[in-house]
Amino acid sequence: MADKRALKILFDKYWSPSSGWIKAEVDPTDFQYAKHAGVMFDDIKIDHDSIVTKCIDAIKHIEKEAVVKAFVSSLSTHSLDLRSALGSYASGRLLNKHKFKSSEENYSSPGSCVVCSQFKGPEKADLNVLNFERFKFGGVRHSQPIYIWFDITQLSEQEIPEPTEQDILILKSLLERVSDLQSGKLSDAPESIKGLLKSNKNERNGIIEILGYCGILNVPDYQELNKKYTPVYLRRHSSYSRSDWSFPADIWLPEYGVNSDNIKFWFSKYIS
């Protein structure tokens, strides 16, 4: 469990309970304390090729079972940092090593790689904001190689608790409720799991997005999500201009259903 004082130092840098996102200066002494506690970090310089390699290596050196265990054990404890890693692992599990490929046209983020979205660099990377997002939201950038690497690396250094009977019951109920949806809209999925676990709207949305990364949400034209990596330039997105959902959850509807094989692939140990 992370040091509470160190977490407060981290949170105070990026978040105000009254106004949300901020970017405050951290007292050097506090920074050193949080850094010693393993909660804050010095900035690093990265480039596309090196971070893709780090991302792939991190995934190779952690067991799928450990990542799933962390997710399940987070459900009753509200340990969002543990919950995050499944989304990152599932998103990057089939990513292959590749060279930077940029497209300045017909792409939402010019200058970034059309395969994985990582910028070419070298550039300075703020690891502290990534760690803040792990603890505050259960992760935000699960499809970005730098976050995948950081998230998986952090989990590999943690002691993962065994899921309790309550965790497993929540997992089963969560999957059943999403599976039972047969019509409606995407937002009905997080609404259906309201009350199952301690969570706010954003956290429930995050759980549904993780199910998407895992290939559990059936999406037309993307039936092989759990069998091959989908490059960024091939990802379709909702036509709703205000959508802030991530691919592939962004284009899922309850009428598409869920993939029972992929549910078993990830959670067979806990739902059999």
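F71 is buried, as is F267, where buried denotes under 20% relative accessible area, exposed over 50% and partly exposed in between (1.4 Å probe, protein chains only). The model is predicted: local features need pLDDT of at least 70, side-chain atom pairs count only at pLDDT 80 or more, and totals for chains, interfaces and linings use all residues. Residues are numbered from 1 along each chain as its sequence is written, and side-chain values use heavy atoms, with hydrogens and water left out.

**Aromatic pairs**

- Rings of Phe, Tyr and Trp (its six-membered ring) pair if their centres lie within 6.5 Å; planes under 30 degrees apart count as stacked, over 60 as edge-to-face and the rest as tilted.
- By this rule the count is 14 aromatic pairs.
- F71 and F267 make a tilted pair, with 5.9 Å from centre to centre and 35 degrees between the planes.
- Because F71 lies in helix α4 (residues 64-77) and F267 in helix α11 (residues 260-271), this pair ties together parts that are 196 residues apart in sequence.
- Helices (H or I, at least four residues) and strands (E, at least two) are DSSP runs, numbered from the N terminus.
- Y89 and W266 form an edge-to-face pair, at 6.1 Å centre to centre and 85 degrees between the planes.
- Y89 belongs to helix α5 (residues 80-92) and W266 to helix α11, so the pair ties together parts 177 residues apart in sequence.
- Y89 is buried at a relative accessible area of 8%, and W266 is buried at 3%.
- A cluster linked by ring pairs holds F11, Y14, W15, W21, F132 and F137.

**Charges over rings**

- A charge sits over a ring if NZ of Lys or CZ of Arg is within 6 Å of the ring centre and within 35 degrees of the ring normal.
- R5 lies over the face of Y33, 3.9 Å from the ring centre.
- K64 lies over the face of F265, 3.7 Å from the ring centre.

**Nonpolar core**

- A nonpolar core is a set of buried Ala, Val, Leu, Ile, Met, Phe, Trp, Tyr and Cys residues joined through side-chain atoms within 4.5 Å.
- The largest such core has 80 residues, of which F71, L86, I208, W266 and F267 touch the most other members.
- Helix α7 (residues 145-156) supplies the largest share of this core, seven residues.
- Apart from neighbours within four places in sequence, I208 is in contact (heavy atoms within 4.5 Å) with V178, L186, A189, P190, I193, L217, W245 and A249.

**An exposed lysine**

- K4 lies in helix α1 (residues 4-14) and is exposed, with a relative accessible area of 69%.
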